[in-house]
Amino acid sequence: MSDSLRNKVVVITGASSGIGRSIALESASRGATVVLLARRLDKLEEIAAEARELSASAAFAVKADLSLASDIEAAFAEVKEKVKRIDYLVNAAGFGKFEEFMEADMQDATEMFQVDVLGLMYMTRLFGRLMLDQGSADHQLWLHGRQGADDQVSGLQRRQGSRNPVLQRSAP
């Protein structure tokens, strides 16, 4: 186990399955304290227990439905109570239904947009502002997907210049 994330706090959305779960466990294996967010608290608790075994650091599970602004705000408040600082935000929450465009259910499209775009933007805004206010040079903000990411990145870069935070996008 590498300790490259020892004494770092990683907040991961969509941590109950898929890439979010994988990133959470990899972060824990590198020594990070992980804060796991998703809708399924039972799954998060299982993954948090596994993360604690991997890292010998704290791991927290926070229930949040990223399609709801009230859940995002409540999760943000809870995370701030549980940890003193945030070093990394990984927005891995999201879903897709892939079907013929002309046959697509617009309610499904609306729900996807709410989580994949608006949820990402709101999480990034809340946590990004906190991370910037912390003033640490090694903060990183990871944005999942492309939609909404370009505007978020350019807004944060205008606020801080090109030196802080380091912004990365996980998909082109």
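Leaving aside neighbours within four places in sequence, which residues is Ala48 in contact with? In this predicted model, the answer is Leu36 and Ala59. Ala48 itself belongs to helix 2, which spans residues 41-55. With a relative accessible area of 0%, Ala48 falls under the 20% limit and therefore counts as buried. A further relation across the chain concerns Ser16: this residue stands 32 residues from Ala48 in sequence, and their C-alpha atoms are separated by 9.6 Å.

The protein contains five helices and six strands, and along the sequence they follow the pattern β-α-β-α-β-α-β-α-β-α-β. Among the contacts with a separation of 6 or more, 68% are made by residues 24 or more positions apart. Of the 172 residues of the protein, 43% count as buried, and Ala48 is one of the buried residues.

On the surface, a patch of negative charge gathers Glu99, Glu100, Glu103, Asp105 and Glu111. Glu99, one member of this patch, is located in the loop that runs between strand 4 (88-91) and helix 4 (106-134). Its relative accessible area is 43%, so Glu99 is classed as partly exposed, a class that lies between the limits of 20% and 50%. Ala48 is thus buried in helix 2, whereas Glu99 is a partly exposed loop residue.

Terms used: Residues numbered from 1 in each chain as written. Predicted model: local features only at pLDDT ≥ 70, side-chain atom pairs only at ≥ 80, totals over all residues. Heavy atoms only, no water. Patch = residues over 30% accessible without salt bridge, like charges linked within 9 Å, V, L, I, M, F, W, Y side chains within 5 Å. Areas by Shrake-Rupley, 256 points an atom, 1.4 Å probe, with all protein chains shown as cover. Salt bridge = Lys/Arg side-chain N within 4 Å of Asp/Glu carboxyl O. Lys, Arg positive; Asp, Glu negative; His and termini not counted. Charge placed at Lys NZ, Arg CZ, Asp CG, Glu CD. Helix = DSSP H or I, 4+ residues; strand = E, 2+ residues; numbered from the N terminus. Buried < 20%, exposed > 50% of the residue type's maximum accessible area, 1.4 Å probe, protein only. Contact = heavy atoms within 4.5 Å.
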